Amino acid sequence: MLSIIIPTLNEEDYLPKLLDSITNQTFKDYEIIIADAGSKDETINIAQSYRCKIVSGGLPAKGRNEGAKAAIGNALLFLDSDVGLPHIKFIENSINEFNKRNLDVATFTLLVNRGKKIDKIAVYVWNNWIKLMQKLFPHGASAFLVKKNIHESINGFDEGVVFAEDQHYVDRAAKKHKFGVISESIYISLRRYEKDGRFKTYLRYLIADIHILLLGPIRTNILNYRFDHYKEGKPKN
């Protein structure tokens with residue numbers, strides 16, 4: 001069985017799209033766990049309408065860990081709440097490839113279905129970078145597939161890491177277990193880039209990468225990370 005774990009905070013606009021893309025999958029042996037950080041909108045009601053299991057969350061690392069504690073599946077699929085599965089065989093294909101390659105932890109390449117040319121270029125660079133570096137400096141973002149016993153063996157996500165905790169998680173797991181980039185791709189949202197500004201956001205991720213490589217995980221909020229739904233205000237270019 002697969003446990004799909006989704007951290008949320010005020011995600012009424014995005015969560016239904018993700019849950020629809022999950023329920024439409026050909027793969028049906030799953031449970032959905034929503035780890036909510038105190039939503040004030042309709043997030044919880046939406047999750048209940050899709051018969052999701054709901055647990056208390058927090059920042060993404062804590063939310064993922066709390067979701068994993070409640071999981072009954074032997075494999076965990078961690079998804080950001082604003083991603084989308086591109087076709088109905090996404091999970092089936094991913095599980096099959098994961099098992100065929102005998103992987104312990106895996107991530108996915110990314111897709112954007114709108115945005116500016118720079119966004120498509122950035123995703124192209126990212127996808128090729130993580131494929132190139134998967135054996136030397138494993139990367140991951142937005143979606144991860146991992147065996148539950150592997151997640152438990154590394155004590156889950158480090159809740160003391162305040163930014164790029166997903167990157168730190170993959171790096172730790174890959175040091176002792178088999179990591180790979182699945183050939184399936186997942187749609188990501190551009191809302192953070194549009195709200196904070198593209199240059200600032202791409203620079204933030206570049207700095208985080210260098211920090212992790214040279215200095216280790218980021219344990220203070222030096223990059224002013226916000227975990228919320230980015231609904232207010234006008235986008236920046």
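**Group meeting: pocket, sheet and helices of a predicted model**

Let me start with the pocket lining. Helix α5 gives the most to the lining of the largest pocket, with seven residues. Helices here are DSSP runs of H or I with at least four residues, strands are runs of E with at least two, and both are numbered from the N terminus.

A word on the model. This is a predicted model, where local features need pLDDT of at least 70, side-chain atom pairs count only at pLDDT 80 or more, and totals for chains, interfaces and linings use all residues. Residues are numbered from 1 along each chain as its sequence is written, and side-chain values use heavy atoms, with hydrogens and water left out.

Confidence next. pLDDT is the predictor's confidence in each residue, from 0 to 100. The protein chain averages 90, and 94% of the residues score at least 70. Over residues 232-237 the pLDDT is below 50. That stretch still has twelve contacts in the model beyond near neighbours in sequence; a contact means heavy atoms within 4.5 Å.

The search uses a 1 Å grid over the protein atoms alone. A pocket is an open set of points where a 1.4 Å probe fits, with protein on both sides within 12 Å along at least five of seven lines. Lining residues have an atom within 4 Å of a point. The lining has 41 residues; the closest to the centre are Leu110, Trp126, Ala141, Tyr193 and Tyr205. α3, α5, α7, α8 (191-196) and α9 (198-214) each supply at least two lining residues.

Now the sheet. Seven strands form an open sheet, ordered β3-β2-β1-β4-β6-β5-β7, with mixed pairing. Strands β3 (53-56) and β7 (179-187) stand at the edges with a single partner each, so one side of each has no neighbour in the sheet. Neighbouring strands are turned by 25° against each other on average, direction ignored. Axes are lines fitted to C-alpha atoms, for helices over the stretch in contact, and angles run from 0 to 180 degrees between N-to-C directions.

Pairing means that DSSP finds at least two bridges between two strands. β1 (residues 2-8) and β2 (residues 30-36) run parallel, joined by seven bridges. There, serine 3 stands opposite glutamate 31. Helix α3 (residues 60-70) packs on the sheet, touching β1, β2, β3 and β4 (75-79), at about 150° to β1. Helix α5 (residues 117-132) touches β5 (105-111) and β7, at about 160° to β5.

β5 has two partners to show. Three bridges join β5 to antiparallel β6 (residues 143-147); threonine 107 is paired with phenylalanine 144. Seven bridges join β5 to parallel β7, where phenylalanine 108 stands opposite isoleucine 182.

How much of β5 is buried? Six of its seven residues, so β5 is largely enclosed by the rest of the structure. Buried means under 20% relative accessible area, with a 1.4 Å probe and protein chains only. α3 is mostly covered too, with eight of eleven residues buried. Those include Arg64, Asn65 and Glu66. The buried residues of α3 pack against β1, β2, β3, β4, α6 (148-153) and α7.

Last, histidine 168, in helix α7 (residues 165-176). Histidine 168 counts as buried because its relative accessibility is 11%. Leaving out residues up to four places away in sequence, histidine 168 touches Asp158, Val161, Pro217 and Arg219.

Definitions and conventions: Buried < 20%, exposed > 50% of the residue type's maximum accessible area, 1.4 Å probe, protein only.
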